[in-house]
Amino acid sequence: MNLNAIDRYAKSLIKEAGHKIRVSFFNTIDIDSKADANDLVTNIDKEIERFVVDRVKQDFPEHKIVSEEGFGDKITSLDGTVWFLDPIDGTMNFIHQRRNFAISLGIYVDGVGMLGYIYDVMGDDLYHAAKGEGAYFNDERLPQLEITPLEEALIGINASWVAPNTKVDNDKIIQLVTRCRGTRSYGSAAIELAYVSSGRIDAYISMRLAPWDIAGGIVIAQEVGAVATSLQGEAPHLLGTDTFIVTRPGLHEEILSKYIRLK
Ligand code: IPD
Ligand code: CA
Ligand code: CA
């Protein structure tokens, strides 16, 4: 398989999809809810997913594509070449802010992440990586991440985990957010992964993410030496939803062992 050719193809497809999203703001956007009133989807999420899925199926009929809105394939194993697509990661930002959302794409071969892309659509910034070849922010190579002590770290975490909740011991989370330098929440897992990879934040923690949220970002994060696992410390698995943490080296073990206690 010619991964360089697929890389060029994927970049051009993502840019084309991003252009379509920017143009969509000239028209009225239809908003719907899914699992609950705050789980939003728009006609643009669906249109973009359909556009990318149709192209990939037409040009790579032997590949599988797994995507959020259901136009892709259902898979039960990671054998072969699998594309993981989130057409808009950060739909709430897309609707409310018209910025801070991304197209997220990861291409895996037999379960190994080979190519990863996070396209910040309104910033026109593409974070991308190919396994073993480093990670890039547009044309700029991203440096290897260095160790940062927790006291100097910015942690990406949603404020709701500081309040009592059913997923995690919030007293520990209070200790974590008190001890670190500061917290941030961008509302797009893909952008938060891109920010860890480019050193803009030092860790990102989530209680529930799907394969399309993280597949592309994991490839990028691993190229700069970030550590990504579930909150149980296991390698992220891409066949279902799970908890997730990605950090610069050094922080991962400390956060997991001292500050995370899942219920
Ligand atoms: C969501 C965003 C959000 C994260 C959610 C995801 P969506 O993706 O990444 O930041 O907290 O868990 O579902 O629905 O906007 O594609
Ligand atoms: Ca998502
Ligand atoms: Ca989405």
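Helices (H or I, at least four residues) and strands (E, at least two residues) are taken as DSSP runs and numbered from the N terminus. The model is predicted, so that local features need pLDDT of at least 70 and side-chain atom pairs count only at pLDDT 80 or more, while totals for chains, interfaces and linings use all residues. Residues are numbered from 1 along each chain as its sequence is written, chains are lettered from A and ligands numbered from 1 in the order in which they are written, and side-chain values use heavy atoms, with hydrogens and water left out.

Seven strands form an open sheet of mixed pairing in the order β3-β4-β5-β6-β7-β8-β9, two strands being paired if DSSP finds at least two bridges between them. Strands β3 (64-67) and β9 (140-141) are the edges, each pairing on one side only. Antiparallel pairing joins β5 (residues 102-109) to β6 (residues 112-120) over eight bridges, and I107 has L115 in β6 as its bridge partner. Helix α6 (residues 211-223) packs on the sheet and touches β3, β4, β5, β6, β7 (125-130) and β8 (135-137), contact meaning heavy atoms within 4.5 Å. The direction of α6 makes about 105° with that of β6; axes are lines fitted to C-alpha atoms, for helices over the stretch in contact, and angles run from 0 to 180 degrees between N-to-C directions. Helix α2 (residues 43-59) lies across β3 and β4 (81-89), at about 160° to β4.

Donors are N, O and S atoms within 2.8 Å of the metal (3.2 Å for Na, K and Ca); water is not among the atoms, so sites may look incomplete. D86 bridges this ion and the calcium ion (ligand 2), the two lying 3.7 Å apart.
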